Protein chains: 2
Amino acid sequence: MARVYNFSAGPAMLPEAVLQQAREEMLDWQGTGTCVAEMSHRGKAFVSIAERAEADLRALLGIPENYRVLFLQGGASSQFAMVPLNLLRGKGEADYVNTGTWSKKAIAEARRYCAVNVVADTLGEPLGRAPAQHELALSGERAAYVHYTPNETIAGVEFPYVPETGAVPLVADMSSTLLSRPIDVSRFGLIYAGAQKNIGPAGLTIVIVRDDLLGQPQAATPTMFDYKVHADADSMYNTPPTYAWYLAGLVFQWLRENGGLGAMAEINARKAALLYGTIDASDFYHNPVDPGSRSWMNVTFTLADPALDGRFLEEAAAAGLTALKGHRLVGGMRASIYNAMPESGVEALVAFMREFERRHG
Amino acid sequence: MARVYNFSAGPAMLPEAVLQQAREEMLDWQGTGTCVAEMSHRGKAFVSIAERAEADLRALLGIPENYRVLFLQGGASSQFAMVPLNLLRGKGEADYVNTGTWSKKAIAEARRYCAVNVVADTLGEPLGRAPAQHELALSGERAAYVHYTPNETIAGVEFPYVPETGAVPLVADMSSTLLSRPIDVSRFGLIYAGAQKNIGPAGLTIVIVRDDLLGQPQAATPTMFDYKVHADADSMYNTPPTYAWYLAGLVFQWLRENGGLGAMAEINARKAALLYGTIDASDFYHNPVDPGSRSWMNVTFTLADPALDGRFLEEAAAAGLTALKGHRLVGGMRASIYNAMPESGVEALVAFMREFERRHG
């Protein structure tokens with residue numbers, strides 16, 4: 001079959017150029033006679049791959065020198081525990097913003113380690129929404145850190161701004177937004193992201209952490225959950241997920257060759273505008289998110305008649321537009337349009353949606 | 001360059017047939033128009049891949065029904081903490097056998113959670129060696145479990161038997177021996193293995209655990225370190241390392257197509273016998289392990305004149321025999337000859353060793 005436009009929320013589409021290169025190098029990476037997955041992580045070849053990946057990521061995001069970049073395992077779900085285990089540093093409370101399913105999971109895990117102050121909660125509101133800065137009832141320096149989820153993958157709710165938290169470190173679960181546009185890393189104490197949206201395959205987790213926050217884990221923290229252990233060993237305390245790291249490196253190169261995050265931001269803004277514009281121009285489709293908090297990456301929408309959902313998905317798949325089913329918690333549809341989704345994919349989806357409405361609306 | 005014989009201890013060689021299939025399917029898995037790395041882990045296609053991998057692994061190892069198979073992240077180093085966090089079940093001590101670097105690391109991490117009884121210690125002995133059953137000073141039911149490392153990857157020391165521990169669950173770090181031959185899983189309470197030796201790429205960890213041991217984690221255990229959470233969710237509590245799982249599944253299929261673990265055991269025994277025989281027949285090469293405890297998987301040897309080490313490695317690499325350098329902690333050479341290393345690779349290594357001795361001995 002021809003390649004499809006795959007709107008999965010993650011694991012998600014990878015750039016075709018990256019897959020092509022991985023295919024070419026599968027049995028022989030650059031004359032070594034081995035696949036990258038077969039290389040010792042401590043050998044020269046893999047170390048060069050690892051270092052280049054980090055350098056490219058640093059260049060893409062403009063990561064300041066006082067931040068460490070870690071290539072870990074375990075996904076955001078592990079970070080939900082690692083953040084309090086490492087960042088409480090003697091304090092007993094932390095501030096969390098609750099904007100959706102992923103915030104809620106982060107809060108539940110943090111509660112096992114500290115008192116959580118929910119400083120804003122929009123999860124129960126009928127329209128998905130990020131709270132404004134003035135709505136955040138921050139605890140000030142009583143809180144060890146402030147945690148938020150810039151983009152809620154399931155509901156498609158995104159913060160249009162970076163919260164101001166003063167001297168309190170800001171921690172962000174950027175799993176589904178990192179690399180979608182430029183960010184000012186210096187605004188954050190710690191950023192984490194599962195790779196399987198904008199970065200690479202599942203099984204790799206990127207952590208970007210300000211170095212002064214390292215080195216004060218709680219007593220019972222498993223060694224593998226101590227950021228400093230990984231930072232001190234350049235993410236090779238144990239065997240890292242080498243092949244995933246390599247694929248992420250290919251994605252970083254592809255981003256740099258295609259104009260970096262500035263170019264991605266323009267393309268992603270156009271893709272989102274086209275899709276939301278199509279939804280808004282129709283009475284048949286509806287997006288349940290406040291217009292000021294709409295995600296660039298995960299566009300959720302419902303059909304006027306939910307009885308047509310199955311047919312929509314079936315006909316879309318037949319047209320090469322796959323994985324549009326919304327998350328089971330919210331239903332409806334979700335089109336995830338990460339960096340690797342070309343504009344032609346969104347154009348094809350919009351054309352299909354208009355045609356489907358014409359026939360069934 | 002042509003494919004080389006790669007003797008890396010891990011990440012290690014993968015079967016060429018597996019890499020060929022992965023290459024063919026890179027842009028389009030079985031007519032789906034997507035790479036496996038791009039698939040939602042909850043979609044039908046990936047679930048079928050995941051279920052087949054587990055079924056094949058169960059068939060290969062004859063895993064009884066009262067054991068769960070988990071596909072996790074984090075490597076053996078995470079298991080060093082997960083084992084005590086989950087298996088102490090109210091007890092305050094556990095028995096550990098210390099036979100090498102990996103035992104020692106497991107012990108150090110366990111000491112953070114309980115009293116460790118080192119029931120035998122051969123690490124300091126001049127000749128690497130597994131203690132005999134009668135040397136194990138087991139604590140009986142005071143111990144929550146008995147932990148050992150059937151194969152020490154670094155020194156190349158392997159247990160020639162499975163310890164008898166009565167009613168106390170036996171826990172084994174099988175990272176570098178699982179799938180090398182048939183085992184009786186029912187002898188064990190829990191088996192774990194990083195994938196990057198005999199199973200697949202780094203970033204996947206297999207855990208096989210008897211179901212009655214699940215569900216009593218210590219209070220502060222991170223959710224992601226609770227075996228039962230993963231067991232209840234069929235290893236999909238969060239996004240699993242999907243591409244690594246898929247590659248492991250291809251390895252399991254390859255093993256079944258090639259006669260299963262009985263056939264592997266015969267081939268692996270022949271490979272090890274040829275290599276140890278060559279070493280023993282020479283005054284130039286020396287293996288520092290007790291003959292009764294020699295690893296089938298990691299064959300360590302030294303040259304009579306260590307000044308020739310660099311030359312040996314250089315000439316071997318030029319002959320397409322790579323990654324033979326011993327671990328930095330022990331020096332010398334190490335040839336890891338996991339399932340994916342064909343007999344022709346060991347034959348080529350042995351021919352090279354004889355020729356090198358002829359010229360330099």
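These legends describe close-up views of a predicted model. Local features need pLDDT of at least 70, side-chain atom pairs count only at pLDDT 80 or more, and totals for chains, interfaces and linings use all residues. Residues are numbered from 1 along each chain as its sequence is written, chains are lettered from A and ligands numbered from 1 in the order in which they are written, and side-chain values use heavy atoms, with hydrogens and water left out.

**View 1. The annotated domain of chain A.** An unreviewed UniProt entry carries the annotation "domain: Aminotransferase class V" for residues 4-349 of chain A. UniProt positions are given in the numbering used here, feature names are shortened, and annotations may be inferred rather than shown by experiment. Over residues 4-349, chain A is 32% helix and 17% strand. The end C-alpha atoms lie 11 Å apart. Helices (H or I, at least four residues) and strands (E, at least two) are DSSP runs, numbered from the N terminus.

View 2. A:Lys197 sits in the loop between strand S9 (190-194) and strand S10 (205-210) of chain A. Its relative accessibility is 12%, so A:Lys197 counts as buried. Buried means under 20% relative accessible area, exposed over 50%, and partly exposed in between (1.4 Å probe, protein chains only). Leaving aside neighbours within four places in sequence, the contacts of A:Lys197 include A:Ala9, A:Thr153, A:Ser175 and A:Tyr338. Contact means heavy atoms within 4.5 Å.

**View 3. A:Gln133 in a loop.** This residue of chain A lies between strand S4 (115-121) and strand S5 (143-148). A:Gln133 is partly exposed, because its relative accessibility is 30%. Sequence neighbours within four places aside, A:Gln133 touches A:Leu138, A:Tyr161, A:Val162, A:Pro163 and A:Glu164. A:Ala340 is 207 residues away along the chain, and the two C-alpha atoms are separated by 31 Å.

**View 4. B:Thr221 in contact with both chains.** B:Thr221 belongs to the loop between strand S10 (205-210) and helix H5 (227-232) of chain B. With a relative accessible area of 2%, B:Thr221 is buried. Apart from neighbours within four places in sequence, B:Thr221 contacts A:Arg112 and A:Tyr113 of chain A, and B:Leu85 and B:Asp226 of chain B.

**View 5. Helices H1 and H6 of chain A.** The axes of H1 (residues 16-24) and H6 (residues 242-257) come within 9 Å and cross at roughly 130 degrees. Axes are lines fitted to C-alpha atoms, for helices over the stretch in contact, and angles run from 0 to 180 degrees between N-to-C directions. That angle makes H1(A) oblique to H6(A). Angles under 35 degrees count as roughly parallel, over 145 as roughly antiparallel, 65 to 115 as roughly perpendicular and the rest as oblique. Among the residues in contact are A:Ala17 and A:Gln21 of H1(A), and A:Tyr246 and A:Trp254 of H6(A).

**View 6. Helices H6 and H7 of chain B.** H6 (residues 242-257) and H7 (residues 260-280) pack at about 80 degrees, with axes 7 Å apart. H6(B) and H7(B) are therefore roughly perpendicular. B:Trp254, B:Leu255 and B:Arg256 of H6(B) meet B:Gly260, B:Leu261 and B:Met264 of H7(B). The contact has four nonpolar, one polar and one charged residues. Ala, Val, Leu, Ile, Met, Phe, Trp, Tyr, Cys and Pro count as nonpolar, Asp, Glu, Lys and Arg as charged, and the others, Gly among them, as polar.
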